[in-house]
Amino acid sequence: MVEYQTKELDIMEMGRRVRLRREFLGLSRDELANLVDVSSQFIADIEYGHKGMSIQTLYKMSRALHISADYFLAGKVYPEEDEETQRFREEIHSTLEKCSKEQLKSVSQIVRIYEDDTRMK
């Protein structure tokens, strides 16, 4: 059985994650506000940590930004990972999102070569 630590909700950190994800997807506050059905000022208030959000808004936010609510609440995209591993995953994912189809094919080949090499050791 997995043990969970209860932490206080950090709305400043949640807001930072919303802003990072919004910017990563290239959305303006107005665009995100339209997707979530709130005002752009409310998005700014969330991003600056001045306001939290309801469960309904959290759900809409996670759908609009194509990421789990866990990411906003706890900073976890992948459960049961340490922060450093998660940071590496996010960095790699962010880089891959900007790659063309040809670049992704090359990266995939490199990863397969690396994986094969590490299995042989």
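Residues are numbered from 1 along each chain as its sequence is written, and side-chain values use heavy atoms, with hydrogens and water left out. Because the model is predicted, local features need pLDDT of at least 70 and side-chain atom pairs count only at pLDDT 80 or more, whereas totals for chains, interfaces and linings use all residues.

The protein chain contains seven helices and zero strands, these being DSSP runs numbered from the N terminus (helices: H or I, at least four residues; strands: E, at least two). From the N terminus on, the order of elements is α-α-α-α-α-α-α. Of the 121 residues in the protein chain, 26% are buried; buried means under 20% relative accessible area, exposed over 50%, and partly exposed in between, with a 1.4 Å probe and protein chains only. Among contacts (heavy atoms within 4.5 Å) with a separation of 6 or more, residues 24 or more positions apart account for 51%.

The largest nonpolar core has 17 residues. Such a core is a set of buried Ala, Val, Leu, Ile, Met, Phe, Trp, Tyr and Cys residues joined through side-chain atoms within 4.5 Å. The members that touch the most other members are Val-18, Leu-32, Ile-46, Met-53, Met-61, Leu-65 and Phe-72. At least two residues of this core come from each of α1 (11–24), α2 (29–36), α3 (40–47), α4 (55–64) and α5 (69–74). With residues up to four places away in sequence not counted, Ile-46 touches Ile-11, Gly-15, Val-18, Lys-51, Gly-52, Met-53 and Met-61.

The axes of α2 and α4 come within 9 Å and cross at roughly 120 degrees; axes are lines fitted to C-alpha atoms, for helices over the stretch in contact, and angles run from 0 to 180 degrees between N-to-C directions. α2 is therefore oblique to α4, since angles under 35 degrees count as roughly parallel, over 145 as roughly antiparallel, 65 to 115 as roughly perpendicular and the rest as oblique. Leu-32, Leu-35 and Val-36 of α2 meet Thr-57, Lys-60, Met-61 and Ala-64 of α4 in this contact.

Val-38 is located in the loop between α2 and α3. Val-38 counts as partly exposed because its relative accessibility is 22%. Not counting residues up to four places away in sequence, Val-38 touches Ala-33, Ile-43 and Thr-57. The C-alpha atoms of Val-38 and Thr-57 are separated by 8.4 Å, and the two residues are 19 residues apart along the chain.
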